[in-house]
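Please walk me through this structure, from overall confidence down to single residues.

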Amino acid sequence: MLYRQRFGLAVLISFALPLANMSSVGAGEPGYCPLEGAEYYSVELVTTKNIPGTGLATGRADLSNPASSPFSVGISQDGSYEYSVHVSLERMKIPTAGRLVAWVTTRELDQIERLGPLDEKLRASGKVGWNKFLVVITLEADNDPEQSMWVGPIVFRGVSRSGMMHTMVGHGALQQENCAAYGYAS
Amino acid sequence: MMHTPPTLITRVTGYCLTVVAAAALAGPLTAQSEMPGMDMSGGWRMVPMDPNMIMLPGLAGAVPIVGAFLPGEGINPANFPEAEPSQVVEMVDGDTLDIEVSIVRRSLNGHEIVMFGYNRQYPGPLIRAPKDATLIVRVRNEIELPTTIHWHGVRLANEFDGVPGVTQEAIQRGESFLYEVHVPDAGMFWYHPHAREDVQQDLGLFGNLLVTSPNPNYYGPVHREEILVLDDILMDEQGALPWGESAPTHALMGRFGNVMMVNGETDHQLSAKKGEVVRFFLTNVANSRTFNVTFGGAQVKLIASDVGRFEREVWVESVVIAPAERYVVDVRFEEPGTTLIANSIQAINHFRGEFYPHVDTLSIVTVSTETAAPGISDSFDSLRVHDEIAVELEPYRPHLNREPDYELEATLRVQDLPPAIVLSMEADTLFFPPMEWNDAMPVMNWLSTGDQVTWILKDRDTGAENADIDWNFKVGDLVKMRIFNSPDSFHPMNHPIHIHGQRFLVTAMDGAENQNLAWKDTAIVPVGSSMDLLVEMSNPGEWMLHCHIAEHLSAGMMFSFTVQEQ
């Protein structure tokens with residue numbers, strides 16, 4: 001019984017100690033402990049397994065209200081959400097050649113913005129100003145700040161949570177609707 | 001092709017099954033475009049909708065479970081006096097103002113409709129008074145609903161806070177109440193009923209109280225000042241849509257209007273000279289709508305909020321203003337021609353699963369070629385840093401980052417909603433926007449009443465909810481609160497949280513420290529976010545804390561706490 005209590009205490013301490021240090025760690029930093037509900041503003045990055053060493057890798061992009069916003073929520077002039085994006089990869093073998101680069105893009109891929117190269121801790125940060133978007137990590141030949149579109153293989157990708165909001169046309173109870181009337185192929 | 005986690009597959013499959021189940025339950029779809037404006041049972045009329053929207057199965061012909069209410073129903077609107085634009089009332093310490101709450105006639109969007117008014121004005125009289133004045137306001141109620149006046153943001157004596165059942169009995173028709181309004185803070189405040197706000201405020205009962213500072217340099221120089229009271233109202237081809245008689249409709253999302261108003265007008269216009277710097281005092285009096293106010297291409301400087309100035313002035317592209325919030329901005333109009341003040345949002349079309357840009361013009365500013373004098377560009381171009389605010393805030397800084405003393409969780413509970421709504425809403429939990437900028441589900445929202453929806457503030461330490469929360473403080477206490485807006489509830493939604501009688505600082509959002517503080521009394525918590533407040537308990541009495549979406553408040557999202565003298 002005593003052993004169980006001590007074991008339980010040790011487990012508690014082992015969890016509590018790192019947690020106590022995490023409060024000052026920012027999103028995307030090692031040891032970051034997001035607040036409750038943060039999963040609502042987190043994009044899961046899923047590996048494509050396109051390059052060696054990524055089979056078991058995981059990743060995420062955490063979104064937060066930009067520090068520059070004086071309001072509770074960052075909104076642009078056209079009403080789009082503005083977020084700071086913090087990308088982090090785990091359990092990832094760093095490629096021996098090339099640079100991992102983080103991008104954000106609209107779902108239509110008609111606009112692409114380069115967040116920047118991942119650092120040695122496999123972190124990158126930047127901003128995004130779209131409501132629905134993808135986060136893409138690619139392996140580029142080098143770190144070219146002028147590069148406007150990736151050319152290397154996609155290593156990770158994820159969709160903003162708002163991407164889960166999808167059309168109901170031709171779907172379920174609404175399948176008898178004429179999809180073409182709403183701009184979709186029937 | 002995206003790689004989809006198994007959990008998501010499960011949830012989406014569940015969604016499909018649920019929607020199919022709803023269809024099986026309820027029969028054929030209804031073309032929404034046939035319905036708006038249609039007379040229905042119980043005095044209801046079908047709520048307006050985008051004609052491209054589809055009504056969910058099972059909702060055709062349904063009406064709210066409560067009776068319909070329209071003021072002066074059955075009486076020719078011409079029998080009521082026509083309301084007039086707001087007038088400025090300059091008051092000094094000890095002055096008395098009589099306010100009559102009465103039925104008025106308004107012409108809105110081509111309709112003669114019956115509304116309410118303070119002294120038959122829209123908005124109510126703009127009261128201007130110096131800081132530290134005490135104003136006497138005698139309120140007489142001549143409408144059929146019991147009412148009060150709450151002096152929003154003013155740290156006045158508790159007995160005059162205007163909360164029925166807490167600080168006073170509601171003023172019945174034909175009765176009066178004498179308010180003693182002491183104004184210890186400079187800034188833009190407002191007044192409104194604290195009884196069935198969803199009806200009375202929506203029908204025009206609101207006005208501003210501008211408290212001026214003795215410091216002539218409190219704000220920077222401008223050419224002139226303008227008041228912008230932002231509002232919306234829900235109308236169809238016959239006029240204003242009825243409100244719920246015994247409980248509010250639109251309890252899920254609040255009643256969004258489809259007609260925008262500034263200072264009670266649907267066609268608000270201003271003129272300005274080239275280079276003119278105008279100070280705008282913005283107040284959002286809408287039941288539920290948060291505005292994203294843009295000023296065309298004009299430069300916008302944010303200088304103050306509810307109960308005071310920001311530590312540092314900042315440039316902004318737009319002003320995000322939630323219900324009951326106030327912001328003060330200086331705007332320079334440089335380009336001759338027309339500048340639109342607009343509400344610029346990304347609305348949601350749930351049917352298509354899309355965001356789409358939507359702009360409503362709030363006001364048209366005509367800028368002439370005549371140059372404004374004197375030239376004040378130099379002062380406008382600089383951003384002031386208020387050292388005196390930094391000094392004032394010094395005693396509070398040690399408390400900004402400490403752990404919260406109290407934690408509230410915002411959530412909701414529903415009962416007896418139509419099955420089609422429950423099934424659809426339970427399936428629709430994969431994504432809710434942090435902020436609701438438009439009513440993307442008008443019928444479901446309309447059908448949900450305060451009798452079926454309970455919005456909840458839960459004390460996470462005790463589990464107590466709403467009126468059962470028992471918080472007691474002493475004057476001088478600095479209380480750290482964390483308000484978490486749970487994304488996992490039946491229908492999460494942003495909540496503008498208002499605290500009566502005290503002032504607070506928003507110290508952090510989602511753990512990120514606020515670097516530019518201003519005293520506030522209302523602040524919005526987006527879905528899934530945590531907002532940390534440092535509340536200065538400076539004013540004794542029993543005070544309310546509640547969501548300022550009028551329908552959420554009426555659906556239970558409130559409680560009172562006490563502050564005792566030391």
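A residue counts as buried if 20 or more other C-beta atoms lie within 10 Å of its own; with 12 or fewer it is exposed.

Start with β22(B). From this strand, B:Phe291, B:Val293 and B:Phe295 point one way. B:Asn292 and B:Thr294 point the other way. In a regular strand the side chains alternate between the two faces of the sheet. Here the residues on both sides are buried. With 5 of its 5 residues buried, β22(B) is therefore largely enclosed by the rest of the structure.

What does β22(B) pair with? One partner is strand β25 of chain B, residues 319-321, which runs antiparallel to β22(B) and is joined to it by 3 bridges. In that pairing, B:Asn292 stands opposite B:Val320. Another partner is strand β27 of chain B, residues 337-349, also antiparallel and also with 3 bridges. There B:Val293 has B:Asn343 as its bridge partner.

Now step back to the whole of chain B. The chain has 7 helices and 39 strands. Its C-alpha trace spans about 70 × 60 × 55 Å along the principal axes. A compact globule of 566 residues would have a radius of gyration near 24 Å, and chain B, at 23 Å, agrees with that. Of these 566 residues, 52% count as buried.

The largest nonpolar core holds 193 residues. Take B:Val329. Beyond four places in sequence, B:Val329 touches residues including B:Phe280, B:Leu282, B:Val300 and B:Val319.

B:Ala286 sits between β21 (276-284) and β22 (291-295) of chain B. Is B:Ala286 buried or exposed? It has 29 C-beta neighbours inside 10 Å, so B:Ala286 counts as buried. Leaving aside neighbours within four places, B:Ala286 is in contact with B:Leu230, B:Asp231, B:Asp232, B:Gly257 and B:Pro323. B:Val229 is 57 residues away from B:Ala286 in sequence, yet the two C-alpha atoms are 9.2 Å apart.

Some backbone geometry deserves a check. Most residues other than glycine have a negative phi, and most peptide bonds are trans. Chain B has exceptions. The bond from B:Tyr122 to B:Pro123 is cis, with omega near -20 degrees. B:Pro123 lies in the loop between β8 (121-122) and β9 (126-130) of chain B. A cis bond also joins B:Ala373 and B:Pro374, with omega about -5 degrees. B:Pro374 belongs to the loop between β28 (354-371) and α3 (377-381) of chain B.

Then phi. B:Arg196 has a positive phi, near 45 degrees. Its loop runs between β13 (187-192) and α2 (197-200) of chain B. B:Arg196 is buried because 26 other C-beta atoms lie within 10 Å. B:Asp416 also has a positive phi, near 65 degrees. B:Asp416 is in the loop between β29 (406-414) and α5 (419-427) of chain B. With 11 C-beta neighbours inside 10 Å, B:Asp416 counts as exposed.

Chain A contributes an open sheet of 8 strands. The order is β5-β4-β7-β8-β1-β2-β3-β6, with antiparallel pairing. Which strands form the edges? They are β5 (112-117) and β6 (123-128) of chain A, each pairing on one side only. From one strand to the next, the twist averages 25 degrees. Inside the sheet, β1 (residues 42-47) and β2 (residues 58-64) of chain A pair antiparallel over 4 bridges. A:Glu44 stands opposite A:Arg60 in β2(A).

How far can the prediction be read? For the complex, the predictor gives an ipTM of 0.88 and a pTM of 0.89. Chain B has a mean pLDDT of 91, and 93% of its residues reach 70 or more. Residues 1-34 of chain B stay under 50, and the model has 49 contacts beyond four places in sequence for them. Chain A averages 79, with 69% of residues scoring at least 70. Over residues 1-25 of chain A the pLDDT is below 50, and this stretch has 8 contacts beyond near neighbours in sequence.

Notes
Residues are numbered from 1 along each chain as its sequence is written. Chains are lettered from A and ligands numbered from 1 in the order in which they are written. This is a predicted model: local features need pLDDT of at least 70, side-chain atom pairs count only at pLDDT 80 or more; totals for chains, interfaces and linings use all residues. Helices (H or I, at least four residues) and strands (E, at least two) are DSSP runs, numbered from the N terminus. The radius of gyration is taken over C-alpha atoms; the globule rule is 2.2 Å times the number of residues to the power 0.38. A nonpolar core is a set of buried Ala, Val, Leu, Ile, Met, Phe, Trp, Tyr and Cys residues joined through C-beta atoms within 7 Å. Two residues are in contact if their C-beta atoms, placed from the backbone, lie within 7 Å. pLDDT is the predictor's confidence in each residue, from 0 to 100. Two strands pair if DSSP finds at least two bridges between them. Axes are lines fitted to C-alpha atoms, for helices over the stretch in contact, and angles run from 0 to 180 degrees between N-to-C directions.
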